[in-house]
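This report goes through selected local features of the structure shown below. Each section takes up one site or group of residues.

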Amino acid sequence: MRKIPSLWIRVPLYIVIITIMLLVNLPFIWMLVTAFKHESEVFSLPPRFYPDFFDFRNFAGAMEQIPMGRYLFNSLFVALSVTLLQLVFNSFAAYGLSRLRFKGRDLIFLILVGTLMVPPEVTLVPLYIIVKNLGMIDSYRVLIIPFMSSAFGIFLLRQFFLGIPRELEEAAIIDGAGRVKIFFTIILPLSKPALWTMSLFTFIAHWNEYMWPLVSVSDPKYQMIQVGISQFVSGWETRWTYRMAASALTVVPIIIFFFFVQKQFVEGISVSGIKE
Amino acid sequence: MPFMRRRTREALAGWIFISPALVTQVLFIYFPLGWSFFVSFFRWNLIRPMRYIGFDNYTSMFTSSDFWHSLSVTFVYVAVTVPVSIFIGLLLALLVNLPWLKGKGAFRTFFYVPVITSMAAAAVIWAWIFESNVGLLNYFLSWFGIKSINWLSDPNYALVAMMIIGIWKRIGYNMVLFLAGLQVIPRTYYEAADIDGATPFKKFLSITWPLLSPTTLFVTVMQFIASFRVFVSVSVMTRGGPAQSTQVITFYLYENAFAYLKFGYAAAISVFMFVLMIIFTLIQFRFSKKRVHYL
Amino acid sequence: MGLVLENITKIFRSDGSDMRAVDHIALEIPSGALVTLLGPSGCGKTTTLRMIAGFELPTEGSVRLEGEDITFLPPNQRNISMVFQSYALFPHLSVEENVAFGLKIKHISRDTVRKETREMIDLVGLRGLEKRRPDQLSGGQQQRVALARSLVMKPKVLLFDEPLSNLDAKLRESMRLEIRRIQQETAITSVYVTHDQVEAMSISDLIVIMEKGKIMQKGSPFEVYIRPENAFVADFIGKVNFIEGVADKQDPESGIVVSSSLKKSFNCRNALVEKGRPARIVVRPEAFSLSNARNEELNSIAGTVLSYSFLGSHLEYIVKLPDGSVINALEYNLSERQLPRVGEEKRLFFSKENAWTIPG
Ligand SMILES: Nc1ncnc2c1ncn2[C@@H]1O[C@H](COP(=O)(O)OP(=O)(O)O)[C@@H](O)[C@H]1O
Ligand SMILES: [Mg+2]
């Protein structure tokens, strides 16, 4: 049994931890406070941590200045599409790499996972040129197709599949199940936790994606929210209340989503340690 | 031989399963990577045809003061953000790991929130905090008698502002990795130290820190790579300014490609970055292999 | 003939070195029989079974089922089913769904699937548990599901790979009777792998004893116990004592073996060892009778009691012979109702019917 330190140690440490927690989250708190403030309150000194009245007009105002709704929809659509496609392609690849034996398999695995070492900045220019030549600029396709599979997801799923006992598969084989049947009725249902973790990572990463839509999309019709919101900073005439309202619309859904799934998400990180 | 047929069938199934992923990875990563090398030997602005110029892009890169400037800005950024965010991440991990602490999960979650939010939105929010007249940061600093700072428009401070955001965004991630590392250290070591009457500080120095070293190394390399790739905060908030004080290498690359349309030159920068990344990764492999032998 | 293994051999190749896991196994299994492959861990039992199932291809030899060569057929076309050591139940499916899994693949009508699944669940005694998941079942119940899942496919051959090794001793006993009952009821040709000789004795029509990939002996439980062909088999099946000597007469009913170290000759059944060759007399512990008599009798040896254990129904002795060797003997008739003393002299007698001879 470990002894518990006295209150004189515990209370100050609690205060330290809570203070750091508040500081780390202060930007979000401040964002929300500002988003509900009236324009005139924003410039009061000292800053006030509660608005006089909750003013929802800032959200409407922000939506008027840029097509927030459209951007949000685009981000949702793109992030969901990428996630779904990766679920299919990554799990296919992971199955082939973990469960089927063929020549060159290990080499293919290295090739696929080797892309983890290639940062997107490095391929940004040629990738842009390729999609431009393919006439894909300004479309959903350009935001989705290059990301149909990912080394991270393949790696994660392969590790998981390798842990499924081979005997389960053999039991299914002897019952007459083919590869595809086994994949869909045995492997996938048993891998729900890993598939879910991978989906969360993928969804959040693509919801937050900034560089690629910045480069490959200029038509607001296809623009994603992260690039959209950055337009708010460059325009100096924009009100801070609008900016914070727009930020809140971008950030709050994902934070709420994260609160629901955080356990799996954070544990996924500790296991894989690969992705932000 | 039927023997062959079965093997072949399995191989065929294997190729079918992996090919969609293989095709996308090759098409959208390896092919562009190869093309980066290729294009880096050409002068090209998308409008006029490509012209082969040998190593000219590389020579002009290595003789360009802008390039060296952006590299040095990046390294200053890295040199500060890596140790600081690792230190704070470790500190948070140690705090959250205190055995008697209640609400561990909640603390862990809240420290992690900045990691999952987008850098673009974070940059917009931080721009408001850095605001020079009524920004929250200057207001806090005024308590200590510090005069208002033009965080984003003063060349002396803009990079500091970028560092603050970068650190803020990463500490939760580093904390989680350290927490995972801490769980692996056997409790018996601490119990033995308790019997010897060791102080918490002594226990940290003689048990936690040495046994955590594989994690620390991993966190360091991950943080190094992440810091080196800093882009979004600069792109959203300062666009390399003021007076090029935040002109990091990624933004330099971006501008050369998409503002000046110097695609060949930008490709040369990509290749340079890639080589650096590979070196970092190899260093990590090298060290982590050694660790295994020590343990 | 049901299932025939013709000199099958399996060589595993790993990092340059060859590993002969199964070495020319030849075996004929009559339809409806239960044959046990018995041997220590690593002797190649599982590999043999996996070649029958089609999960491994033999390096040499062939497998025939009812006259048809199935050596290269994939597992699902062999009409063979298997009960795995780990049961290999699908953790995400209910008992019912596990049992019905294979039937559903066969594209038979839903009613038939339901009916046959129900019958099979009844046969293995799992009625009422249909909706449970495997992790909500005890080890024995999981075992029954595994059995039902295999049986429902009406295979021509059923393979068992150490199916009881994960159960506790008591359950193991009742389950093996259950398996035997169901196997006889359904009359499915079965190959059963175990390393437990008691299990093998209790359920088999034929026991095949294996060691290092080779067959050491095959025969009925009675045969391999009473007439082992070599020291490995004698030793592996039950407890045994060896008396070393040289054959003096080869005769299945009245042979003679002379032990120079004990300075005695013994009457025994010697079908295997030619006159003049080194021989071992195999005497089971329970074949001895012990007495305090001093007179030299035929087939008797004097020794001193090193130790004994009282086990209720019987006494177990360790007796040291004059030549230093040690004998393990059981005494069931505790006629004198009193315990022996350590160091006491005892005379061990065995009849020639209970003395079987193998090469030394
Ligand atoms: N896939 C394999 N690759 C290499 N060696 C194997 C393989 N499977 C089994 N072996 C080896 O073959 C021998 C027999 O194994 P096995 O048939 O599993 O024995 P048993 O079931 O009797 O315990 C063992 O020495 C084992 O290590
Ligand atoms: Mg085995």
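The side chain of C:Ser190 reaches the backbone oxygen of C:Ile188 at a distance of 2.9 Å. The model is a predicted one. C:Ser190 sits in strand β8 of chain C, which covers residues 189-194. C:Ser190 counts as buried because its relative accessibility is 0%, below the limit of 20%.

Apart from neighbours within four places in sequence, C:Ser190 is in contact with C:Ala33, C:Leu34, C:Val35, C:Leu158, C:Phe160 and C:Gln183.

Which residues are around ligand 1? They are C:Phe12, C:Met19, C:Ala21, C:Pro40, C:Ser41, C:Gly42, C:Cys43, C:Gly44, C:Lys45, C:Thr46 and C:Thr47. By class, this shell has five nonpolar, five polar and one charged residues. Two elements of chain C, β2 (17-29) and α1 (45-53), each supply at least two residues of the shell. The most comes from α1(C), which gives three residues.

Several polar atoms of the protein lie by oxygen atoms of the ligand. A polar side-chain atom of C:Thr46 is 2.5 Å from an oxygen atom of ligand 1. For C:Thr47, an N or O atom in the side chain is 2.5 Å from an oxygen atom of ligand 1. C:Gly42 takes part through its backbone, where a polar atom is 2.6 Å from an oxygen atom of the ligand. On its own, ligand 1 has 560 Å² of accessible area, and the protein covers 62% of this.

In soluble globular proteins, nonpolar side chains tend to be buried together. The largest nonpolar core in this model has 163 residues, and B:Phe111, B:Tyr112 and B:Met237 touch the most other members. Helix α7 of chain B (residues 158-184) contributes the largest share of this core, with 15 residues. A second, separate core has 70 residues, among them C:Leu37, C:Met51, C:Ala53 and C:Ile80.

## Positive phi in two loops

B:Leu261 is not a glycine, yet it has a positive phi of about 55°. B:Leu261 belongs to the loop between α12 (249-258) and α13 (263-294) of chain B. Is B:Leu261 buried, partly exposed or exposed? B:Leu261 is partly exposed, because its relative accessible area is 31%, a value between the limits of 20% and 50%.

C:Asn299, also not a glycine, has a positive phi of about 55°. The loop that holds C:Asn299 runs between β15 (289-291) and β16 (300-310) of chain C. C:Asn299 has a relative accessible area of 3% and is therefore buried.

## An alanine in helix α4 of chain B

B:Ala106 is part of helix α4 of chain B, made up of residues 104-116. B:Ala106 counts as partly exposed because its relative accessibility is 41%. B:Ala106 and B:Val96 are 10 residues apart along the chain, and their C-alpha atoms are separated by 9.7 Å.

Key
Residues numbered from 1 in each chain as written. Chains lettered and ligands numbered in written order. Predicted model: local features only at pLDDT ≥ 70, side-chain atom pairs only at ≥ 80, totals over all residues. Heavy atoms only, no water. Near = heavy atom within 4 Å. Polar contact = N/O pair within 3.5 Å; in protein donor to acceptor, adjacent residues only side chain to side chain. Areas by Shrake-Rupley, 256 points an atom, 1.4 Å probe, with all protein chains shown as cover. Helix = DSSP H or I, 4+ residues; strand = E, 2+ residues; numbered from the N terminus. Nonpolar A, V, L, I, M, F, W, Y, C, P; charged D, E, K, R; others polar. Buried < 20%, exposed > 50% of the residue type's maximum accessible area, 1.4 Å probe, protein only. Contact = heavy atoms within 4.5 Å. Core = buried A, V, L, I, M, F, W, Y, C linked by side-chain atoms within 4.5 Å.
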